[in-house]
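Please take a moment with the sequence and the structure below before reading on. The paragraphs that follow lead from one part of the chain to another.

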Amino acid sequence: MKTKEALGCIGTAVVLLFSSAWIPLIGPFISLLSPLPFVYYAAKRGLMEGIKVVGATILVAGLVSGAAGFPQIVILCVEFGVLGLILSEVFRRRMTFGYAVFITTTLMLLAGALILAGLGIAKGTSPPALIIQYFQNNLKETLQVYGNLGEFQGEDPRIQEYVKVMTGILARTYPALVIIGTGFVVWLNIVLCRPMFHHARLEYPDFGRADYWRTPDTMVWGVILAGFSLFLPLGGIRFIATNTLIVLLSIYVFHGLAIVLFFFNKYRVPLWLRVGGYILILFQQVVLVGLALAGLFDQWIDFRKIHHKKAN
């Protein structure tokens, strides 16, 4: 039974990993679910067995990627395998939801920094240059897909200009993008582990009500400090302030999302309306700004009227 489960875990993880290369557009999003098989197996069989399965999956992914010509899949396999093992330990230690996301994201960023440092030494370049190059390659691949669909034709000057503008933005905001991307992957897998664990009758931590979640009140001082630092004439400080502000406001977006979920639950909004609301949030930047502001001002306005209840 253990061998069958291990082979199932390895096979599922490899398929999810290679979906980023085999399936256009939605493939990279499907590959974000790759840590789930590792979390499941490590939670059910223990950390040491989980490490063995992760090692075997890296070996299989290396062989397949070498034959298919996608060497970057091995790096993803290492990162997502480590993430799955970390999440299984976080669940076992019964941390709060906020600490689970924060600690797991921090550990993943450290692991990613070590991998980038090794790749940078091997290629004779710096980790920031590798990150920017990665974003550029993904951007060009996406634009090529749109070109094949008829949106652009050949070496359209608009593509070159767009890539140039986006490269400048990436050079100023890549630390925030890496942190937000890592945090989102961690959050997504923690959330999706719940139905998977319940279906497999595994114990899932009690994180409390998701619609009651809120950011620490002291975090607002980070937003204020970063906001004022943007006006300083020092490039290094403005670089740090810009990325800090982007990360903090992204966290407030999830605070605002918890407020939306609270009112969805309170008024028993049907599923089809909820899905429509989430799609609107996903594709409308104005709505994201509204969620960030709602989360930021919630500690004073108390939209859900829960702060006073907690105080009592």
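Are Glu-203 and Arg-94 buried or exposed? Both Glu-203 and Arg-94 are exposed, where exposed means a relative accessible area over 50%, buried means under 20%, and partly exposed lies in between (1.4 Å probe, protein chains only). The model is a predicted one, in which local features need pLDDT of at least 70 and side-chain atom pairs count only at pLDDT 80 or more, while totals for chains, interfaces and linings use all residues. Residues are numbered from 1 along each chain as its sequence is written, and side-chain values use heavy atoms, with hydrogens and water left out.

The side chains of Glu-203 and Arg-94 meet in a salt bridge, at 2.3 Å from N to O; a salt bridge here is a side-chain nitrogen of Lys or Arg within 4 Å of a carboxyl oxygen of Asp or Glu. This pair links distant parts of the chain, since Glu-203 sits in the loop between α8 and α9 (219–229) and Arg-94 in the loop between α5 (72–93) and α6 (97–123), 109 residues apart. The helices named here are DSSP runs of H or I with at least four residues, numbered from the N terminus. The loop between α8 and α9 also holds Arg-201, a residue other than glycine whose phi is positive, near 60 degrees. Arg-201 has a relative accessible area of 79%, and is therefore exposed.

The structure holds nine salt bridges. One of them joins Arg-45 to Glu-5, with the closest N and O atoms 2.9 Å apart. Because Arg-45 lies in helix α3 (residues 35–45) and Glu-5 in helix α1 (residues 2–22), the pair ties together parts that are 40 residues apart in sequence. Arg-45 counts as partly exposed because its relative accessibility is 31%, whereas Glu-5, at 13%, counts as buried. Glu-5, Lys-44 and Arg-45 are linked in a network of salt bridges.

Another salt bridge is formed by Glu-49 and Lys-52, whose closest N and O atoms are 3.5 Å apart. Both residues of this pair lie in helix α4 (residues 47–68), three residues apart, which is about one turn of the helix. An α-helix has 3.6 residues a turn, so residues three or four places apart point the same way. Lys-52 is exposed, because its relative accessible area is 53%.

The axes of α3 and α4 come within 7 Å and cross at roughly 145 degrees, where axes are lines fitted to C-alpha atoms, for helices over the stretch in contact, and angles run from 0 to 180 degrees between N-to-C directions. Phe-38, Tyr-41, Ala-42 and Arg-45 of α3 make the contact with Leu-47, Glu-49, Gly-50, Val-53, Val-54 and Thr-57 of α4, contact meaning heavy atoms within 4.5 Å. These residues divide into six nonpolar, two polar and two charged; Ala, Val, Leu, Ile, Met, Phe, Trp, Tyr, Cys and Pro count as nonpolar, Asp, Glu, Lys and Arg as charged, and the others, Gly among them, as polar.

What lies around Asn-189, leaving aside its neighbours within four places in sequence? Asn-189 is in contact with Leu-32, Leu-33, Pro-35, Leu-36, Leu-83 and Leu-87. Asn-189 has its place in helix α8 (residues 157–199), and with a relative accessible area of 0% this residue is buried. The side chain of Asn-189 reaches the backbone oxygen of Leu-32 at 3.1 Å.

In helix α1 there is also Ser-19, which counts as buried because its relative accessibility is 4%. Not counting residues up to four places away in sequence, Ser-19 touches Gly-27, Ile-30 and Ser-31.

Helix α10 holds Gly-236, which is partly exposed, with a relative accessible area of 48%. Gly-236 and Ile-279 are 43 residues apart in sequence, and their C-alpha atoms are 37 Å apart in space. Finally, Lys-305 lies in the loop between α12 and α13 (307–311) and has a positive phi of about 55 degrees although it is not a glycine. Lys-305 counts as exposed, because its relative accessibility is 52%.

Methods:
Helices (H or I, at least four residues) and strands (E, at least two) are DSSP runs, numbered from the N terminus. A polar contact is a pair of N or O atoms within 3.5 Å; within protein, one must be able to donate a hydrogen and the other to accept it, and residues adjacent in sequence count only if both atoms are side-chain atoms.
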